Amino acid sequence: MIQGHKSYISTRLSILADRLIGPGNYAAIVEEDLDTLINRVTGGTTADDFDPGLLQSNLISQALRDFNMLFRPFNGNEKAFLNFAVHWYELSNLKALIRGKFTGSSDADIKKELIDLERFNQLPLDTLLEADDPNEMMRLLEQTPYSSIVRQAREIYHAEGQNLFALDATIDREFFTGLSQRVRFLDNEDRQQLGALFGTLMDRLNILWLIRYRFSYGLSPAKSFFLLSTTGRKLHTGNLMRLAKLESIDDLINQLPSPLDELLANQQSLIQIENIMEHYVIESASNALKYSPSVITRLFAYILLRESEIQLLHAVIKGKSLNFDEQLILEATGGNVH
């Protein structure tokens, strides 16, 4: 990327970064009334006129417009990485289509779950919805850019006795493995800087996945390890293989490398563990966004922080729409993590 484009991206990122909702502001967001929050998301709609079913789509559409503007000056391996990274959002469409077809849901019900990613769409949604049966849809999916992910997922689905959970987990694993491969094609400085942030994200995901697979779903150590994705910054293959064999959450946390063991010490609640690890990634991404000399690393940090903000606003607005207690919403969103 030429120097002028780097300066442009850096300036735009600084402007957008100032608008992000940081963890220190979570409590204030939870305390806002529902009309104010919905107006923040839609730019004018009130709670009486707002369609809750469009909440996530509205939040993601806003983010995608900003990503589209930021991605324009990039090309080559940098553009390939960024375009692949933002398709994280399309995984939910991929899973909704597969899950819906395999469980016999109506096309109308499946369509309600799909999110329009506008120019970032790579799935021919209407064609896939019109498929006569799940096998035809899977064949169609193997003609999309997700062909390798879908092929692996279908093999695991049949090997695990048509287990939709295993299929979903394989989609996640294959996506992040693909993203890791694209990091390796970047220039040396970008690869080192972005690799460190990406590794932090993978540490978070692998810990959460491992706890769910082993202690929520009761999978064997071998199956749990197999469903984990690419290794992270602190947790490598040897760590993960050893952790998968442990018999309790306490044992797993105690065997984590520093600082992960200290962060999660004495935690048993999966929600609290999720919130702590989310804040761990947010802190790493915030530092990268402020200080990294690598522009693509700063942009990836912004993508992560924007995704975290989407999840926050989605959870708070849904919670308030259902008249949940504000303290309960704050705890669920990690506003009480320090």
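Reply: Start with a term: a residue counts as exposed when its relative accessible area is over 50%, and as buried when that area is under 20%. Keep in mind that this is a predicted model.

Now apply the cut-off. Leu322 has a relative accessible area of 53%, so Leu322 is exposed. Where does Leu322 lie? Its place is the loop between helix 18 and helix 19, the latter being residues 326-332. Together with Phe324 and Leu328, Leu322 makes a nonpolar surface patch of about 300 Å².

Next, step back into helix 18. The largest nonpolar core of the model has 111 residues. Helix 18, residues 295-321, gives the largest share of this core, with 14 residues. Phe300 is among the residues with the most contacts inside the core, alongside Phe67, Phe81 and Leu94. What does Phe300 touch, leaving aside its neighbours within four places in sequence? The contacts are Phe81, Ala85, Leu179, Leu194, Leu197, Phe198 and Leu201.

For another helix, look at helix 10, residues 147-159. Its 13 residues, at 1.5 Å a residue, should span 18 Å, and the end C-alpha atoms are 18 Å apart, so the two values agree. Several residues of helix 10 are buried, including Ile149, Val150, Ala153, Ile156 and Tyr157. Arg154 and Ser147 are buried too. What covers the buried residues of helix 10? The cover includes helix 6 (91-102), helix 9 (134-141), helix 11 (164-183) and helix 13 (221-226). After helix 10 comes Gly161, with a positive phi near 70°.

How values were computed: Residues numbered from 1 in each chain as written. Predicted model: local features only at pLDDT ≥ 70, side-chain atom pairs only at ≥ 80, totals over all residues. Heavy atoms only, no water. Helix = DSSP H or I, 4+ residues; strand = E, 2+ residues; numbered from the N terminus. Expected span 1.5 Å × (residues − 1). Buried < 20%, exposed > 50% of the residue type's maximum accessible area, 1.4 Å probe, protein only. Contact = heavy atoms within 4.5 Å. Core = buried A, V, L, I, M, F, W, Y, C linked by side-chain atoms within 4.5 Å. Patch = residues over 30% accessible without salt bridge, like charges linked within 9 Å, V, L, I, M, F, W, Y side chains within 5 Å. Areas by Shrake-Rupley, 256 points an atom, 1.4 Å probe, with all protein chains shown as cover. Salt bridge = Lys/Arg side-chain N within 4 Å of Asp/Glu carboxyl O.
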